[in-house]
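Here is a short report on a protein chain and its ligands. Keep the model in view while reading.

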Amino acid sequence: MFPLLSKESNVFIAEDLKKDIEYFISGFPHDKVFLLSDETAYEMCYPKIKEVVGLSPERTVIIPSGDHNKGVETLAKVWHLLSHGGADRKSLLITLGGGMPCDLGGFAASTFKRGIQFINIPTTLLAQVDASIGGKTGINFEGFKNEVGVFNQATAVLIETSFLDTLDKENIVSGFAEMIKHAFIYSADRWDQLKDFDIFNPDYSQLKELVADSIRIKDHFVQNDPLENHIRKALNFGHTFGHAFESLAMHENRAVLHGYAVAFGMICELYLSHIRLGFPMPQVMSIANQLESIFGHFEFTKDHFDELYRLMTHDKKNDSNRINFTLLEEIGKIQINCQASKDEIFDSLHFYCNIK
Ligand SMILES: NC(=O)c1ccc[n+]([C@@H]2O[C@H](COP(=O)([O-])OP(=O)(O)OC[C@H]3O[C@@H](n4cnc5c(N)ncnc54)[C@H](O)[C@@H]3O)[C@@H](O)[C@H]2O)c1
Ligand SMILES: O=C(O)C(=O)C[C@@H](O)[C@H](O)[C@H](O)COP(=O)(O)O
Ligand SMILES: [Zn+2]
């Protein structure tokens, strides 16, 4: 295995998965090793690591799958199982799964006995390029996305792209949205490269390269601002609207995957970028059409606008009762802490409703 980024990086590309995990288990001082996974990830991915020395069934915590389970009830169950399973300050938690167990597991580890070490082994595209990296951990609370959490870096992140072989199309496409986000905040060349990639029939060896590039882009922003005081806010492009769509959909029992919600959000935020910063309108239209052809359309009407606005008032980039957006002057030219009036936000929602 080798570090993907700099010498200081905690992200590694697996070369021999079983040996690499054993290296981590023996390489970091600990007494007991716990494994956390969700039901589906456990069924699909655990067989690939079940012979790893150090893992044991009695120290395996399985949580229900799906983002609606990334909440306080599941978190309490994990704390309970760690506590009753004899975990102590020196225990190590390995999370195996997508962004949901990475976020929740990282938060459980960060808070259990005031913090134990954790290692992420991401098994979805979205978690490999984004959620497992950068130290944002947390849970959803009272209908708001990631309302409670802490920044805390994983001891290590181990990327094994062959886990993607069992991932369904929808989740591959969902992860692609965060890769597109990375392109928008990075460079037009990168977007040109991604827009020609057929995510519905992916060439997995090319995808592996794209995953590595995407991780490098995320890591660049994280290294420069780990606690999101300034430039890391670029990684939140598309999420002010996106999280509002995701929460609304969850509340209405028509859940959309995180990446899809971010793609819908990016269309709104590109339009807002046009209004506020002059992002060229022909490019807004062509990107909106391309994103619609990949991710489809999120149905809502103007009756939802007030609720979506209310949801946005919980965004973590906000301050002084203002909703702050990350917007783009052009692809790769980021402006953080951009304000917009309620009318401009509604105009963006209106634009979105009418592009179909
Ligand atoms: N912390 C961060 O920086 C960050 C970044 C982006 C997203 N997130 C969060 O990540 C979550 C979304 O992550 P996700 O899309 O990975 O969702 P997820 O973890 O819910 O995984 C999606 C589905 O895929 C299944 N699965 C996992 N690995 C599989 C595999 N290899 N084969 C078959 N099925 C598999 C899971 O069981 C689940 O049903 C959201 O909660 C989002 O808020 C966090
Ligand atoms: O790493 C970051 O920073 C991000 O914003 C990455 C996002 O893709 C991710 O969805 C993150 O969890 C959103 O964070 P939040 O602070 O808006 O809850
Ligand atoms: Zn995201």
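## Ligand 1

This is a predicted model. In it, 33 residues surround ligand 1. Thr40, Gly98, Gly99, Met100 and Thr124 are the closest. By class, the shell holds 14 polar, 11 nonpolar and 8 charged residues.

Several elements supply at least two shell residues each. They are helix 2 (39-45), helix 4 (99-111), helix 5 (125-131), strand 8 (144-151) and helix 6 (169-186). Domain 1 (2-166) and domain 2 (170-354) both contribute to the shell, so ligand 1 lies between them.

## Ligand 2

The shell around ligand 2 consists of Asp130, Gly134, Lys136, Lys145, Asn146, Glu178, Glu228, Arg232, Leu235, Asn236, His239 and Lys316. Of these residues, 7 are charged, 4 are polar and 1 is nonpolar.

Domain 1 (2-166) and domain 2 (170-354) each give at least three residues to the shell around ligand 2.

## The annotated region

An unreviewed UniProt entry annotates residues 175-318 as "domain: 3-dehydroquinate synthase C-terminal". Over residues 175-318, the chain is 67% helix and 0% strand. The end C-alpha atoms of this stretch are 26 Å apart.

## Helix 6 and helix 7

Helix 6 also supplies at least two residues of the shell around ligand 1. How is helix 6 packed with helix 7 (residues 188-195)? The angle between them is about 150°, and their axes are 6 Å apart. Helix 6 is therefore roughly antiparallel to helix 7. The crossing of helix 6 past helix 7 is left-handed.

Methods: Residues are numbered from 1 along each chain as its sequence is written. Chains are lettered from A and ligands numbered from 1 in the order in which they are written. This is a predicted model: local features need pLDDT of at least 70, side-chain atom pairs count only at pLDDT 80 or more; totals for chains, interfaces and linings use all residues. A residue is near a molecule or strand if its C-beta atom, placed from the backbone, lies within 6 Å of it. Helices (H or I, at least four residues) and strands (E, at least two) are DSSP runs, numbered from the N terminus. Ala, Val, Leu, Ile, Met, Phe, Trp, Tyr, Cys and Pro count as nonpolar, Asp, Glu, Lys and Arg as charged, and the others, Gly among them, as polar. Domain bounds come from an automatic or database domain assignment. UniProt positions are given in the numbering used here, feature names are shortened, and annotations may be inferred rather than shown by experiment. Axes are lines fitted to C-alpha atoms, for helices over the stretch in contact, and angles run from 0 to 180 degrees between N-to-C directions. Angles under 35 degrees count as roughly parallel, over 145 as roughly antiparallel, 65 to 115 as roughly perpendicular and the rest as oblique. A crossing is left-handed if the near helix is turned anticlockwise from the far one by less than a right angle, and right-handed if clockwise.
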